[in-house]
Amino acid sequence: MEKKLIYTGKTKDVFALENGNCLLKFKDDCTGKDGVFDPGENSVGLTIDGVGDVNLRMSIYFFEKINAAGIKTHYVNANLQDTTMEVLAAKVFGKGLEVICRYKAVGSFFRRYSDYIAEGADLPAYVETTFKNDEKGDPLVTKDGLVDLGVMTAKQYDDIKDMTQKITKIVADDLKEKGLDLYDIKFEFGYDKDGSVMLIDEIASGNMRVYKNGEYIDPMTLSELFFA
């Protein structure tokens, strides 16, 4: 099938397919700084052999599980030999939106709200949204802000929040079976031509904060533990 490059990303390239779907090509490039892997960085800092493969494997695993639970995603199929994933075409919200679900008060959440909560305290699947904008430090935006700015409808926001909490539980329960604790996870959502919300991008170790016996597990180690 013919494919046409439409976007070159930091960790994936996106191609348009003849059938109207898209093809994601997972790369071994990682975000980081000075040769050190950091999923929170905004630029490619290093290349790790096999990271594209393991990110694709984890994405396949969870997308299939989420689809089976009746939650809409963009996942169609994947080819491990080519490190590619075929997905439904989707539009992103605004210029890109990240959705975070938090089970524990850590990271930027704790830094913002440390006057009101202890570090590591439990959170009830707290959902927050941020605009993807490196220069502005990925600013937080509320439901009202998203609706009033014309980024999405109130129903789309409610659907995103509901889907986020359900998907996070699927991931957390799976990790728990492996003796791992999910503290928070980051997702991206898009919508189809009818406006229906779907989970897009990937579900990989670099998008989640995971602990084991109170110790943080870095994404590369997490991938190894996950498929051990």
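**The hairpin of strands 7 and 8, and its surroundings**

A: In the hairpin formed by strand 7 and strand 8, 4 residues lie between the strands, and Thr83 takes a positive phi near 55°. The model described here is a predicted one. Strand 7 comprises residues 75-79, and it pairs with strand 8 in the antiparallel sense over 4 bridges. Within that pairing, Ala78 stands opposite Met85 of strand 8.

Strand 8 also has a partner in strand 3, which covers residues 22-26; these two strands run antiparallel and are joined by 4 bridges. Here Lys25 has Thr84 of strand 8 as its bridge partner. The residues of strand 8, which spans 84-87, point in two directions: Thr84 and Glu86 one way, Met85 and Val87 the other way. All of these residues are buried, whichever way they point.

What is the count of disulfides? The count is 0, where a disulfide requires two cysteine sulfur atoms within 2.5 Å.

Helix 1 may be examined next. It runs over residues 51-68, and its 18 residues should span 26 Å at 1.5 Å a residue; the end C-alpha atoms are 26 Å apart, so the two values agree. The buried residues of this helix are Val51, Gly52, Val54, Asn55, Leu56, Met58, Ser59, Ile60, Phe62, Phe63 and Ile66. Just after helix 1 comes Gly70, with a positive phi of about 85°.

Ser223 is placed in helix 5, residues 219-226. When neighbours within four places in sequence are left aside, Ser223 is in contact with Val54, Met58 and Ser205. Is Ser223 buried or exposed? Its relative accessible area is 4%, and it is therefore buried.

The largest nonpolar core has 45 residues, and the members that touch the most others are Ile167, Val171, Leu175, Phe189, Ile203 and Met208. Helix 4, residues 154-177, gives the most to this core, with 8 residues. Leu175 touches Leu180, Leu182, Met208, Val210, Leu222 and Phe226, when residues up to four places away in sequence are not counted. There is also a second, separate core of 5 residues, which includes Cys30, Ile48, Val51 and Val54.

Helix 4 itself has 24 residues and reaches 35 Å from its first C-alpha to its last, close to the 34 Å expected at 1.5 Å a residue. Its buried residues include Tyr157, Ile160, Met163, Ile167, Ile170, Val171 and Leu175, and among them are also Gln156, Thr164, Thr168 and Asp174. Helix 4 is followed by Gly179, whose phi is positive, near 75°.

Ala125 has a positive phi of about 55° although it is not a glycine, and its place is in strand 11, residues 122-131. Ala125 counts as buried because its relative accessibility is 14%. Asn213 is likewise a residue other than glycine with a positive phi, near 50°. Asn213 is found in the loop between strand 15 (208-212) and strand 16 (215-217). With a relative accessible area of 70%, Asn213 is exposed, because the limit for that word is over 50%.

Finally, these parts may be set within the protein as a whole. Its secondary structure comes to 5 helices and 16 strands. The radius of gyration is 17 Å, close to the 17 Å that the globule rule gives for 228 residues, so the protein is as compact as a globular protein of that length. Along the principal axes, the C-alpha atoms fill a box of roughly 55 × 45 × 35 Å. Buried residues make up 44% of the 228 residues. Among contacts between residues at least 6 apart in sequence, 53% join residues at least 24 apart.

Conventions:
Residues are numbered from 1 along each chain as its sequence is written. This is a predicted model: local features need pLDDT of at least 70, side-chain atom pairs count only at pLDDT 80 or more; totals for chains, interfaces and linings use all residues. Side-chain values use heavy atoms; hydrogens and water are left out. The expected span of a helix is 1.5 Å times one less than its number of residues. Buried means under 20% relative accessible area, exposed over 50%, partly exposed in between (1.4 Å probe, protein chains only). Contact means heavy atoms within 4.5 Å. Two strands pair if DSSP finds at least two bridges between them. A nonpolar core is a set of buried Ala, Val, Leu, Ile, Met, Phe, Trp, Tyr and Cys residues joined through side-chain atoms within 4.5 Å. The radius of gyration is taken over C-alpha atoms; the globule rule is 2.2 Å times the number of residues to the power 0.38.
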